[in-house]
Amino acid sequence: MRAPRSRTAQLDRWRKSAEFRQIALKSAKANLAKFNAAPRCAAARKRDGKPCCNPAMKNGRCDRHGGKTPSGRQWHVVQYSDCSTPAGEAKFNRKLRTQQRYAEQRAARLAAMTPEQRAKHDAWHRSHPAGAAAPRSAARERTRQNAEARLLISPQPRQRLSDPEAARVEAALATTRARLASLEARTTKPTDEDEGIFS
């Protein structure tokens, strides 16, 4: 029985032909020349500190060094494309539909949370505002240092934490001190019973 003919048999023969290889080689050389002629990223590589070799985007950075993520006040703000062209309008509508879908999914997740989970979620978002990680970490460190400084310069003594074991030890200590004081008072002022043979 004859094997069924593949739907891509003609395409496979074309890919294996010498003409296709020449076209692919010419296209690869053109892409490589375009890549080499593109301006380089202005960032420094982390591993050795040398300039990045990736092609830069419009803002002078590559996609790994902030080219796709806006900085400053635009951090994590949705960037919509220009609607002056048909392609830009299609991209704008596509991104708008994506953002609407994300908003619906987020609303469904929030509605399914328990009150404890929602409180944790809100507390996390209050302590992690939008922005770069380094400024947020520096702000948390400043807050911690300010709290420690306020405790150091505060004229009021710190309130000790209520611990049952510590309270029991303090009570036993007070009883022992009172007993010691009574014994010392007896030794410094002898009574008639304590005079003995030395009276």
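**Ground rules.** I am working on a predicted model, where local features need pLDDT of at least 70, side-chain atom pairs count only at pLDDT 80 or more, and totals for chains, interfaces and linings use all residues. Residues are numbered from 1 along each chain as its sequence is written, and side-chain values use heavy atoms, with hydrogens and water left out.

**Overview.** I looked up the elements and found six helices and zero strands; helices are DSSP runs of H or I with at least four residues, strands are runs of E with at least two, and both are numbered from the N terminus. Of the 199 residues, 7% count as buried. The chain exposes about 18200 Å², with carbon and sulfur atoms supplying 57% of it; these areas come from the Shrake-Rupley method with a 1.4 Å probe, and for residues only the protein chains shown count as cover. I also checked contacts (heavy atoms within 4.5 Å). Among those with a separation of 6 or more, residues 24 or more positions apart account for 5%.

**Salt bridges.** Here I count a side-chain nitrogen of Lys or Arg within 4 Å of a carboxyl oxygen of Asp or Glu. The structure holds six of them.

- In one of them, arginine 144 meets glutamate 148 at 2.7 Å, N to O. The two are separated by about one helical turn because they are four residues apart in helix H5 (residues 133–153). Arginine 144 is partly exposed at 39%. Salt bridges with shared partners join Glu141, Arg144 and Glu148 into one network.
- Arginine 15 bridges to aspartate 12, with the closest N and O atoms 3.9 Å apart. About one helical turn lies between them, because they are three residues apart in helix H1 (residues 9–15). Arginine 15 is partly exposed at 45%, and aspartate 12 is partly exposed at 29%.
- Aspartate 48 and arginine 45 meet at 2.8 Å, N to O.

**Aromatic pairs.** My rule takes rings of Phe, Tyr and Trp (its six-membered ring) with centres within 6.5 Å; planes under 30 degrees apart count as stacked, over 60 as edge-to-face and the rest as tilted. I found two such pairs in the structure. Tryptophan 14 and phenylalanine 20 form an edge-to-face pair, 5.7 Å centre to centre with 75 degrees between the planes. Tryptophan 14 is partly exposed at 33%, and phenylalanine 20 is partly exposed at 28%.

Isoleucine 23 lies in helix H2 (residues 18–37) and is partly exposed at 46%.

**Histidine 121.** I found this residue in helix H4 (residues 115–127), and it is buried at 19%. Leaving out residues up to four places away in sequence, histidine 121 touches Arg106, Leu110 and Met113.

Key
Buried < 20%, exposed > 50% of the residue type's maximum accessible area, 1.4 Å probe, protein only.
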